[in-house]
Amino acid sequence: MKYITVLFALAGTALFAAEPVRVSVADFGAEAGSGKDCVAAVARALEACKAHESSVLVFPKGRYDFHAPEGGRRIVGLAVAGQKNLTVDGGGSAFVFHGILGVGALNDSQNVTLRNFSVDWDRPMIAQGIILDTADDHLDVKFDKAAHPFEIADGKIFFLGEGWRRQVDGYTLLFDKTTRELAYATRDSTIGDNALFNTRSEEVADGVVRFHGKPRHKAEPGTFIALWLGRYVANVFDVARCKDVVMEDITVYHGLGNCIVGFRTENITLRNFNIRANEAKGRVFSIIADGFHVNTCKGLLKIENCEHTGMGDDFLNLHGMNVMVLERVDDYTVKVGASGKGGASYVLGVGDEVWFIDGQTTQRGATGIIKEIKDVLGAGRPVAKHIVFEQKIPDSVKAKDALENKTWNAELEIRDCRILRAHRARGLLVSTPRRAVIENNYFRTAGAAILVEGDVNYWYESGAVNDLVIRNNVFEDCFSSGYAGDWGHAVITIHPSFQPKSDADEAYHRNIRIENNVFKSFDYPILFARSVRNLTFTGNTLSKTTTFPPFAQNKTTFVLDGCREVRLEANTYGADVLGKNVRTANMKPGDLDIKDADIRR
């Protein structure tokens, strides 16, 4: 009887739970289609939502304009802080931004959903033109002056935005005039770096600018060129110290930095979140930098049915950070940098469990739990941090070793996405010790489709993979731009900074399974793998395309360096697939088991 009473009590709780309160931005002064700045009105509406246990912020469908304030103060259009059980529903509206500002910031919030809207700027911070002529001493480019206004001052071009005036400061990329994809066999600054565009220019006809200097590359007339006017100016969405965030049915046409930056957040779901070049406006570009950049998060990162084009960097970068040890202070304390590459102590928190990483072998060792983090002051400001542990740290820990946060690592599931050549660099960058599944996606990327790194010498992005499955994907004409070492080494590139020196070195990554995928490639390199234990390439189908001529310097299908327990088995190779060969280094004969009769060593 007591059991039945409990059931009825639980059912009653579910039946009579309060419905979310609907709050309309229109009631706080936001007017769709008016062109008026709605930043303050939206802020008032969000504040009103805090009064309710659960709420839905509603935008009646229309266009809403968000303006940066005068004086350069940084703001965002949707500032969500300290909120719970909130849904922001754009109702299919267009959010249009003006000047230097971010779209949204989610901080210290729980169970927040953003959905149903698009994001764009009328005056983007990327200038697009069409190449008319490439000569030995100049480059002529035609700009649409309404979309990308500019002025020539003292013989130099300045592009004009809302509250900004900028020269070229970033990537200069070429896009095919027919496909509008990143041009074949090009990379950053193929035609010329910033100096070509910022040294001497003149307007020789209406909207036609002649850049004086020697171009590095002869581009076909009609080729699109996109000139970045900034780097990491403002993220589109910042998500920090949150839990259970969902972003769905959103299209971002432009943004001034990375699109989503997740930090110390648990559980992020991105569903039908697309970053696209606005074809209705004739654009080949979208945002300035990465699509999804997720750093030091935990729980599950789930990405479903997303498509990205026109970006300035990778579709996804999931990683933690290696924090370099500057000094062993005592048996419980190490000194690390306060900020900057290798000194990103902000990724560590009291109570976090961390691995001690050997700086020479890059192997994870013992763990410790952080008891206290103290500033080390110099000239009255923090110049370093002392990380104090609850337990005695291993005797082996020394300067040039590293700390890797074990607590804050996310699992990954990415499915049914389209990762395309219409943006710069690579597709997915995955560095997490948690389970990661990449399946049922379509890849057509300029650089490597998938890159698995882990380094302690440049970006300091951790960490070693322990369980990665890549299955049932299609890879078509990937690795068509860049060059080896720039945007990867092969369609799938596994390239930690650790360089094996002999066949006795322990591997950095573990348990990577590449299975039942389709590779359609015009070139040789399919897999480059360094320092992996238990690597399998099984049940895949390889065929050759004629979309482009081969251009890779590497004429090998599989390159394996310092790998252990590698198996190639049950793969199908088309008769004209290039290479069908494998090259190894720092491996014993028993480290590689080849069951595929078509493959030669």
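Student: How many helices and strands does the protein have?
Tutor: This is a predicted model, where local features need pLDDT of at least 70, side-chain atom pairs count only at pLDDT 80 or more, and totals for chains, interfaces and linings use all residues. Residues are numbered from 1 along each chain as its sequence is written, and side-chain values use heavy atoms, without hydrogens and water. Helices are DSSP runs of H or I with at least four residues, strands are E runs of at least two, and both are numbered from the N terminus. The count is three helices and 49 strands.

Student: What is the radius of gyration of the protein?
Tutor: The radius is taken over C-alpha atoms, and the globule rule is 2.2 Å times the number of residues to the power 0.38. For 601 residues the rule gives 25 Å, and the model comes close, so it is as compact as a globular protein of that length. The value is 26 Å.

Student: What percentage of the 601 residues is buried?
Tutor: Buried means under 20% relative accessible area, with a 1.4 Å probe and protein chains only. Buried residues make up 57%.

Student: Which residues touch the most other members of the largest nonpolar core?
Tutor: A nonpolar core is a set of buried Ala, Val, Leu, Ile, Met, Phe, Trp, Tyr and Cys residues joined through side-chain atoms within 4.5 Å. The largest has 136 residues. Those touching the most other members are F273, I303 and F315.

Student: Which helix gives the most to this core?
Tutor: It spans residues 39-49 and gives six residues. That is Helix 2.

How values were computed. Buried means under 20% relative accessible area, exposed over 50%, partly exposed in between (1.4 Å probe, protein chains only).
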